Amino acid sequence: MNLFDQISEDIKKAMLARNHAELEALRGVKKEFLEAKTAKGGNGELSDEAAVRILQKMAKQGKEAAALFREQNRNDLAEEYLAQVAVYERYLPAQMSADELEKVLRDIIAQVGATSPQEMGKVMGVATKQLAGKADGRAISETVKRLLTA
């Protein structure tokens, strides 16, 4: 079962369970999936890779919105967004730990031959492709920067 079908099934389950927060989050995901399927240039299909990218984007936006609401002392709204992010993350592949990420990035740095922070772009190009869906872009960037300046 692909992610689109899984989300549709989980919407039904959330409706039966009367879980309003989960239902709203899943409906938002399905809306984004449908828009991607019917977008200009699309073929009416949505691959799981594209679905994962959409979910990652939605999770990132939710975390950023929650952070903004926390800064404005609106913890009630921040909690709503974080609850939605938790729903999105259930469908995402497991993220790498900081230690695993550092080990992979050390290998990539050695492979590319980067030795200074000026060569960060070379490393990031390879790392973002290789670690797509496995690690957050910000975590990759910060770790690469730290490793190249050390």
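These notebook entries record what I looked up in a predicted model of one chain.

**Overall fold**

I began with the secondary structure, and the chain has seven helices and zero strands. Reading along the sequence, I noted the pattern α-α-α-α-α-α-α. I then took the extent of the C-alpha trace, which spans about 55 × 45 × 25 Å along its principal axes.

**Burial, contacts and surface**

I looked up how much of the chain is buried: 33% of its 150 residues. For contacts, I took those between residues at least 6 apart in sequence, and 56% of these join residues at least 24 apart.

**Charge**

I counted the charged side chains and recorded 23 positive and 23 negative ones. The centres of these two sets lie 3 Å apart.

**Helix H2**

I turned next to helix H2, which covers residues 20–37 and has 18 residues. From its first C-alpha to its last, H2 reaches 25 Å, close to the 26 Å expected at 1.5 Å a residue. Which residues of H2 are buried? I listed Glu22, Leu23, Ala25, Leu26, Val29 and Phe33. Seen down the axis of H2, these buried residues fall within an arc of 165°, so they line one face of the helix. I then checked what covers the buried residues of H2, and the cover includes helix H1 (3–17), helix H3 (48–71) and helix H4 (75–89).

**Valine 52**

I located valine 52 in helix H3. Is valine 52 buried or exposed? Its relative accessibility is 15%, and the cut-off for buried is under 20%, so valine 52 counts as buried. Leaving aside residues up to four places away in sequence, I found that valine 52 touches Leu3, Leu92 and Pro93.

**Glutamate 119**

Alanine 114 came up again when I looked up the contacts of glutamate 119. Where does glutamate 119 sit? I placed glutamate 119 in the loop between helix H5 (98–112) and helix H6 (120–130). At 18% relative accessibility, glutamate 119 counts as buried. Again leaving aside residues up to four places away in sequence, glutamate 119 touches Gly113, Ala114 and Leu148.

Note on methods:
Residues numbered from 1 in each chain as written. Predicted model: local features only at pLDDT ≥ 70, side-chain atom pairs only at ≥ 80, totals over all residues. Heavy atoms only, no water. Helix = DSSP H or I, 4+ residues; strand = E, 2+ residues; numbered from the N terminus. Buried < 20%, exposed > 50% of the residue type's maximum accessible area, 1.4 Å probe, protein only. Contact = heavy atoms within 4.5 Å. Lys, Arg positive; Asp, Glu negative; His and termini not counted. Charge placed at Lys NZ, Arg CZ, Asp CG, Glu CD. Expected span 1.5 Å × (residues − 1). Arc of directions from axis to C-beta.
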